[in-house]
Amino acid sequence: MKAFNTLSRRQLARVAGACFALCALGAAAQGSYPTKPVRIVVGFSAGGTTDIVARIMARELTADLGQSFVVDNKPGGGSNIATDMVAAAAPDGYTLLFVAVTSAINQTLYPNVKFDLNRDFEAVALGAKVPNMLVVHPSVPARNVKEFIDWARANEGKISYASSGSGTSIHMAGEMFKVRTGLKTQHIPYKGSAPAVTDLIGNQVQFMFDNMPASWPHVQSGKLKALAVTTKTRSATAPDVPTLEESGVKPFDVSSWFGLIAPKGTPKDIVDKLNKAMNAAFDKPEVKEAYAKLGAVAEKNSPQDFSKFIAAEVHNWAPIVKASGAKVD
């Protein structure tokens with residue numbers, strides 16, 4: 001009894017989940033998974049890029065596997081709330097996480113983060129990569145990055161930038177920009193990209209390094225002004241927008257990514273079935289068209305590929321987080 005009492009709540013959940021997994025194994029072996037609706041948890045509010053890509057994949061998984069895949073938005077804690085919740089869920093394939101680069105960053109940014117992406121999850125598939133974009137309110141008197149930096153220096157202490165939450169690639173791109181340029185601006189974190197963009201359009205904040213899919217429609221409508229993309233090469237969706245490196249801010253190569261993961265212990269045949277369905281979706285004309293509009297790119301990958309990718313991202317972001325000096329309690 002004493003040993004039992006020392007088990008953590010997460011360990012108890014895993015023990016209980018293992019019992020559910022035994023049932024799931026039998027069902028999956030017969031090819032019946034899923035037999036009921038599946039929840040895909042997103043750690044950000046509706047309307048942001050993670051949510052947009054998750055809903056595209058949920059639609060395709062629903063069509064392919066014959067059961068509803070429903071997106072459940074659980075914003076907060078820089079997506080840590082959602083990540084912790086799914087890590088503790090039963091590993092039966094019915095609670096999944098649409099993970100973003102944020103979670104890889106958070107493992108360094110948060111000193112007491114509870115989850116480990118490789119230890120606590122089964123990688124399913126990388127769903128998309130997208131560039132971030134430096135966007136400003138139209139009232140900002142800058143036509144390019146150099147003019148923006150000059151304007152920001154002249155207005156030091158008066159301007160702020162938004163992000164979709166502390167630890168997101170949007171936040172860290174802003175911190176990297178500050179490190180590279182020496183600018184001093186205030187960071188305003190939001191619970192997702194959508195509310196951050198809303199305040200940027202309302203001129204409550206002056207700039208943002210948003211995921212391109214969320215901001216590009218507002219750039220096209222004239223509500224925002226795009227100055228640069230954060231990747232090494234220009235985006236095919238916005239070929240006239242230069243990179244930050246082209247604009248003189250070097251080195252600078254930041255992109256966001258999104259993918260599907262499941263609680264550790266989820267049966268391999270369930271993981272493989274989900275992976276196969278996602279890879280098949282990438283070939284569909286409607287998905288290719290939707291991704292093109294977002295500036296997103298995807299390529300077929302295995303669970304093993306995605307697992308190695310996640311581990312590399314955790315490793316690669318750590319020095320960037322430390323160099324920025326950014327910390328979240």
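This is a short tour of a predicted model, stop by stop.

**Stop 1: Arg 153**

Select Arg 153 in helix 6, which spans residues 145-154. Its relative accessible area is 46%, so Arg 153 is partly exposed. Now show what surrounds Arg 153. Leaving aside neighbours within four places in sequence, Arg 153 is in contact with Thr 181 and Leu 183. Follow the side chain of Arg 153 to the backbone oxygen of Thr 181, at 2.6 Å. Then pick Thr 185. Arg 153 and Thr 185 are 32 residues apart in sequence, yet their C-alpha atoms are 9.3 Å apart in space.

**Stop 2: helix 4**

Select residues 80-87, which make up helix 4. Is this helix mostly covered or mostly open? It is mostly covered, with six of its eight residues buried. Colour the buried ones: Asn 80, Ala 82, Thr 83, Asp 84, Val 86 and Ala 87.

**Stop 3: the largest pocket**

Show the surface and look for the largest pocket, with a volume of about 230 Å³. To find its centre, select Lys 129, Pro 131, Thr 231, Gly 295 and Val 297, the nearest of 15 lining residues. Strand 4, residues 121-136, gives the largest share of the lining, three residues. By class, the lining has six nonpolar, six polar and three charged residues.

**Stop 4: salt bridges**

Side chains of opposite charge can pair when their charged atoms come close. The whole structure holds 13 salt bridges.

Start with Lys 178 and Glu 175, whose closest N and O atoms are 3.6 Å apart. Both lie in helix 7, residues 169-181, three residues apart, about one turn of the helix. An α-helix has 3.6 residues a turn, so residues three or four places apart point the same way. Lys 178 and Glu 175 are both buried.

Next, select Glu 245 and Lys 232. They form a salt bridge, with the closest N and O atoms 3.2 Å apart. Both sit in the loop between strand 8 (225-229) and strand 9 (255-263), 13 residues apart. Glu 245 has a relative accessible area of 16%; that is under 20%, so Glu 245 counts as buried.

Move on to Lys 300 and Asp 283, which meet at 2.6 Å, N to O. Lys 300 is in the loop between helix 11 (285-294) and helix 12 (303-324). Asp 283 is in the loop between helix 10 (268-281) and helix 11. Lys 300 counts as exposed at 51% relative accessibility, while Asp 283 counts as partly exposed at 42%.

Last, select Arg 59, Glu 60 and Lys 284. Salt bridges with shared partners join these three into one network.

Note on methods
Residues numbered from 1 in each chain as written. Predicted model: local features only at pLDDT ≥ 70, side-chain atom pairs only at ≥ 80, totals over all residues. Heavy atoms only, no water. Helix = DSSP H or I, 4+ residues; strand = E, 2+ residues; numbered from the N terminus. Buried < 20%, exposed > 50% of the residue type's maximum accessible area, 1.4 Å probe, protein only. Contact = heavy atoms within 4.5 Å. Polar contact = N/O pair within 3.5 Å; in protein donor to acceptor, adjacent residues only side chain to side chain. 1 Å grid on protein atoms, 1.4 Å probe; cavity = no way out; pocket = protein on both sides within 12 Å on 5 of 7 lines; lining within 4 Å. Points joined across faces, edges and corners; volume = space filled by probe spheres on them. Nonpolar A, V, L, I, M, F, W, Y, C, P; charged D, E, K, R; others polar. Salt bridge = Lys/Arg side-chain N within 4 Å of Asp/Glu carboxyl O.
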